[in-house]
Amino acid sequence: MPEKPILNKGLDALLGDVEQPNANIVKNIPTNKIAPNRYQPRTSFNDEKLSELADSIKQHGILSPIIVREASLDQYEIIAGERRFRAAKNLKLKEVPCLIENTENQQSLEIALIENLQRENLNPVEEARGYDRLKREFNLTQEEISGVTGKARSTIANAMRLLSLNPEVLSLLESGKIERGHAKILISLPDKDALKAAKKIAEEGLTVKDLTSKVKKTKPQTKKDTDVEDLFESLSERVGHKISIQEKSKKTGQITIQYFSADEREIIIKKLSKLSSK
């Protein structure tokens, strides 16, 4: 198939708001020379929807090229279009149409995040972790994240707060066994109570309204509890990683700094080392 010119203008072109052409072209690239986007915020892909997409590609072909960037000599990394790529591999296609872009790591994450937010919703945990990576890895403020994603700052802040939940609760949220509305309420509960309530929601199908009623019957937080939460939220903002406290008794507990990769762990260690050397 001959190469053909395509209109492109950065992020706007990738997301459908095309205005001006440039020299970029679509070319077919072997699938074995393409790797998934290491900054892909989506961690789960629905097999049924991938199958439907594969059927569509089998009938009509790949109508929108996969956006890639050069990772090394004759090797490429996906920026946007991983679902199309996975569906193509399921069909055992030997090559796929691609648009090669020159992007930095931050822009690659931005594009992957924006594409998923605008074209197929991420689950709440994937969305929150996507925002969190923009903040931690590229030092973007919530205001800057709002600018590149088009989401309200309050939406981003509320999404990122979900990451303070117990990992087991996050797992239930990510799998769809509890809803975003449930999670927003669970954030206000002590860790053990939140986990217990989350399991009950998953097992009994409690609605958000049911959970709200149950929480209202519990003892309200004291001003001291609220002040402590505000302090740790402020620390999390300054450090760039979620810091949480879990009280085991009136005198004991633990303070946790969360990370989601070995690279993040090394970054945290370096930050703590700098603090200890002062």
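## Close-up views of the predicted model

View 1. Lys-92 is exposed, with a relative accessible area of 71%, where exposed stands for over 50%, buried for under 20% and partly exposed for the range in between, computed with a 1.4 Å probe on protein chains only. The model is a predicted one, in which local features need pLDDT of at least 70 and side-chain atom pairs count only at pLDDT 80 or more, whereas totals for chains, interfaces and linings use all residues. Residues are numbered from 1 along each chain as its sequence is written, and side-chain values use heavy atoms, with hydrogens and water left out. Lys-92 belongs to the loop that runs between helix H3 (82–90) and strand E6 (95–100); helices (H or I, at least four residues) and strands (E, at least two) are DSSP runs, numbered from the N terminus. Although Lys-92 is not a glycine, its phi is positive, at about 60°. Most residues other than glycine have a negative phi.

View 2. Two strands are said to pair if DSSP finds at least two bridges between them. E4 runs antiparallel to E5, to which it is joined by five bridges, and Ile-67 has Ala-80 of E5 opposite it. With E6, E4 pairs in the parallel sense over three bridges, and here Val-68 has Ile-100 as its bridge partner. In a regular strand the side chains alternate between the two faces of the sheet.

**View 3. The turn of the E4–E5 hairpin.** Strands E4 and E5 form a hairpin with two residues between them, and Asp-74 is placed in this loop, which lies between E4 (66–72) and E5 (75–80). Asp-74 is not a glycine, yet its phi is positive, at about 60°. Its relative accessibility is 37%, and Asp-74 therefore counts as partly exposed.

**View 4. The salt bridge between Arg-69 and Glu-77.** A salt bridge is taken here as a side-chain nitrogen of Lys or Arg within 4 Å of a carboxyl oxygen of Asp or Glu, and by this rule the count comes to eight. In the bridge formed by Arg-69 and Glu-77, the closest N and O atoms are 2.7 Å apart. Arg-69 counts as buried, at 7% relative accessibility, and Glu-77 counts as buried too, at 6%.

View 5. Helix H5 (residues 124–138) has 15 residues, and its span from first to last C-alpha is 21 Å, close to the 21 Å expected at 1.5 Å a residue, the expected span being 1.5 Å times one less than the number of residues. Of the 15 residues of H5, 13 are buried. At the start of the helix, a side-chain oxygen of Asn-123 comes to within 3.0 Å of the backbone nitrogen of Val-125, and the helix is followed by Asn-139, which has a positive phi near 55°. Glu-127 forms a salt bridge with Arg-180, the closest N and O atoms being 3.1 Å apart. Because Arg-180 lies in helix H9 (residues 180–186) and Glu-127 in H5, this pair ties together parts that are 53 residues apart in sequence. Glu-127 counts as buried, at 7% relative accessibility, while Arg-180 is partly exposed, with a relative accessible area of 29%.

View 6. The side chains of Arg-153 and Glu-143 meet in a salt bridge with an N to O distance of 3.8 Å. This pair links Arg-153 in helix H7 (residues 153–161) to Glu-143 in helix H6 (residues 142–149), ten residues apart. Arg-153 counts as partly exposed, at 42% relative accessibility, whereas Glu-143 is exposed, with a relative accessible area of 51%.

**View 7. The two sides of helix H2.** Helix H2 (residues 47–60) has 14 residues and reaches 20 Å from its first C-alpha to its last, close to the 20 Å expected. Its buried residues are Leu-50, Leu-53, Ala-54 and Ile-57. Seen down the axis of H2, these buried residues fall within an arc of 105°, so they line one face of the helix; the arc is that of the directions from the helix axis to the C-beta atoms. An α-helix has 3.6 residues a turn, so residues three or four places apart point the same way. The buried residues of H2 pack against H3, with contact meaning heavy atoms within 4.5 Å. Exposed residues Glu-48 and Gln-59 are carried on the face turned away from the buried side. After H2 comes Gly-61, whose phi is positive, near 85°.

Technical notes. Polar contact = N/O pair within 3.5 Å; in protein donor to acceptor, adjacent residues only side chain to side chain.
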